[in-house]
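Here is a walk through a two-chain model, one spot at a time. Have a look at the sequence and the structure, then read on.

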Amino acid sequence: MAFTTPSDDHLRYPIGRPQLPTTPLMPAERAVYIQQIAELPAQLAAAAERLGEERLRLPYRPGGWTGRQVIHHLADSHLNSHCRFRLALTEDNPTIRPYDEATWAELPDATTAPVAASLALLQGLHSRWVLLLRHLSEAQWQRTFYHPENKRTSTLDQTLALYAWHGRHHLGHLELLNTVARTL
Amino acid sequence: MSTPTDDLRFPIGRVQLPTAPLTAAERAVYIQQIADLPAQLTAAARQASGERLQLPYRPDGWTGRQVIHHLADTHVNLYSRFRLALTEDNPTVRPFDEAAWAALPDVAATPIPVSLALLDSLHQRWVVLLQHITDAQWQRTFYHPRYDTTSTLDQALVQYAWHGRHHLGHLRLLAQ
């Protein structure tokens with residue numbers, strides 16, 4: 001059985017675990033999440049700027065990803081999520097393609113490339129994503145996709161809440177790193 | 001057989017895929033083409049300017065705008081296929097309906113510079129990855145279920161370098 005120690009949890013989950021809606025969101029709720037997605041790239045860029053390239057090479061917790069890996073992971077993860085939205089909008093309950101986020105984060109570009117490219121990638125990607133999200137109809141928010149590894153079918157409402165959380169979750173890691181780095 | 005329509009559809013011709021491993025020098029040429037693409041697209045989009053980018057590059061073809069957003073969407077997927085092939089054994093990749101994706105509302109709503117900037121940063125990461133691939137890794141493969149083809153990364157490199165220049169050719173047709 002997998003478990004995490006209480007002492008580790010506040011480092012792994014600095015903003016807590018995601019709360020996924022079980023009923024359709026209201027437009028005002030969606031607007032909050034869409035705004036969080038819209039604001040993320042600038043918040044990440046500011047956090048990365050505060051840390052600097054050197055500190056971004058440190059892990060945010062013992063055994064965790066470095067700041068650099070967190071930022072490259074966000075670019076890879078969100079470009080996949082954007083694709084999942086597009087698949088769900090153009091096919092009926094499509095099976096999406098999972099990927100191994102741990103090994104992707106160990107590929108050489110994710111460990112060595114400066115973060116600027118991924119910060120710019122997130123900026124451009126989120127601009128397009130947000131424009132897509134703002135054009136979705138009520139009915140489209142209830143469209144679904146199937147994740148074959150989790151064996152879970154998600155609505156776009158649930159996915160919106162999950163990825164708004166996901167961005168802020170990793171932003172929380174960069175903010176932790178700022179605290180860690182100051183004590184070194 | 002080449003027809004006049006072919007010249008518009010395939011302004012740089014069709015792609016020729018290698019059947020044997022590429023040499024390091026050949027790979028360097030294709031990687032450079034991928035590295036150069038975003039700046040060339042930006043230049044071609046500037047030359048074609050705002051209004052012409054709303055026009056199709058051939059009768060019933062995509063508009064310049066759709067071509068640029070399509071490149072961003074497709075290259076995001078192609079970049080992911082390289083990552084899948086490097087982290088799984090002969091993975092099956094996920095095709096997508098490129099015509100339906102090009103009709104989604106953000107393609108009409110997003111300013112063209114957004115996708116040009118996305119391509120610029122995506123290609124930076126992609127090129128760093130490509131420059132780190134070893135000789136053995138270039139022979140890793142993925143399976144495309146719609147075409148029923150297994151491709152090496154060498155073949156994918158040639159095809160994707162061609163894909164960018166193919167659509168750059170469409171934008172240059174519009175600029176004329």
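## A buried loop residue

B:Leu53 sits in the loop between α2 and α3 of chain B (helices are DSSP runs of H or I with at least four residues, strands are runs of E with at least two, and both are numbered from the N terminus). This is a predicted model, where local features need pLDDT of at least 70 and side-chain atom pairs count only at pLDDT 80 or more, while totals for chains, interfaces and linings use all residues. Residues are numbered from 1 along each chain as its sequence is written, and chains are lettered from A and ligands numbered from 1 in the order in which they are written.

So is B:Leu53 buried or exposed? B:Leu53 is buried, because 21 other C-beta atoms lie within 10 Å (buried takes 20 or more other C-beta atoms within 10 Å of a residue's own, exposed 12 or fewer, partly exposed is in between, and C-beta atoms are placed from the backbone). Setting aside residues up to four places away in sequence, B:Leu53 touches B:Ala45, B:Ala48, B:Thr63, B:Gly64, B:Arg65, B:Ile112 and B:Leu174 (a contact means C-beta atoms, placed from the backbone, within 7 Å). B:Val114 is 61 residues from B:Leu53 in sequence, and their C-alpha atoms are 14 Å apart.

B:Asp60 counts as exposed because it has 5 C-beta neighbours inside 10 Å. Its phi is positive, about 70°, although B:Asp60 is not a glycine. Most residues other than glycine have a negative phi.

Helix α2(B) covers residues 24-52, and its 29 residues should span 42 Å at 1.5 Å a residue; the end C-alpha atoms are 39 Å apart, which agrees (the expected span is 1.5 Å times one less than the number of residues). There is a kink of about 50° in α2(B), centred on B:Arg46 (the bend is the angle between axes fitted to the seven residues ending at a residue and the seven starting there).

Buried residues of α2(B) include B:Arg27, B:Ile34, B:Pro38 and B:Ala44. Among the elements that cover the buried residues are α3, α6 and α7 (153-175) of chain B.

How do α2(B) and its neighbour α3(B) pack, and at what angle? Their axes are 10 Å apart and meet at an angle of about 145° (axes are lines fitted to C-alpha atoms, for helices over the stretch in contact, and angles run from 0 to 180 degrees between N-to-C directions). From α2(B) come B:Leu41, B:Ala45, B:Ala48 and B:Arg52, which meet B:Gly64, B:Ile68 and B:Leu71 of α3(B). By class, this contact has five nonpolar, one polar and one charged residues (Ala, Val, Leu, Ile, Met, Phe, Trp, Tyr, Cys and Pro are nonpolar, Asp, Glu, Lys and Arg charged, and the others, Gly among them, polar).

## The nonpolar core

The largest nonpolar core has 85 residues, and those with the most contacts inside it are A:Leu44, A:Ala48 and B:Leu41 (such a core is a set of buried Ala, Val, Leu, Ile, Met, Phe, Trp, Tyr and Cys residues joined through C-beta atoms within 7 Å). The most comes from α3(B), with 11 residues.

B:Leu41 touches B:Ile68, B:Leu71, B:Leu116, B:Leu119, B:Leu168 and B:Leu171, not counting residues up to four places away in sequence. Over in chain A, α3(A) is mostly covered, with 20 of its 24 residues buried.

## Where the chains touch

The contact takes 29 residues from chain B and 28 residues from chain A. On the side of chain B, α3 (64-87), α4 (98-102), α5 (105-109) and α6 (112-131) each give two or more residues. The most comes from α6(B), with 10 residues. By class, that side of chain B has 15 nonpolar, eight polar and six charged residues.

A:Gly124 is found in helix α6 of chain A. A:Gly124 is in contact with B:Val114, B:Ser115, B:Ala117, B:Leu118 and B:Ser121, leaving aside neighbours within four places in sequence. A:Gly124 counts as buried because 22 other C-beta atoms lie within 10 Å.

Technical notes
Contact = placed C-beta atoms within 7 Å.
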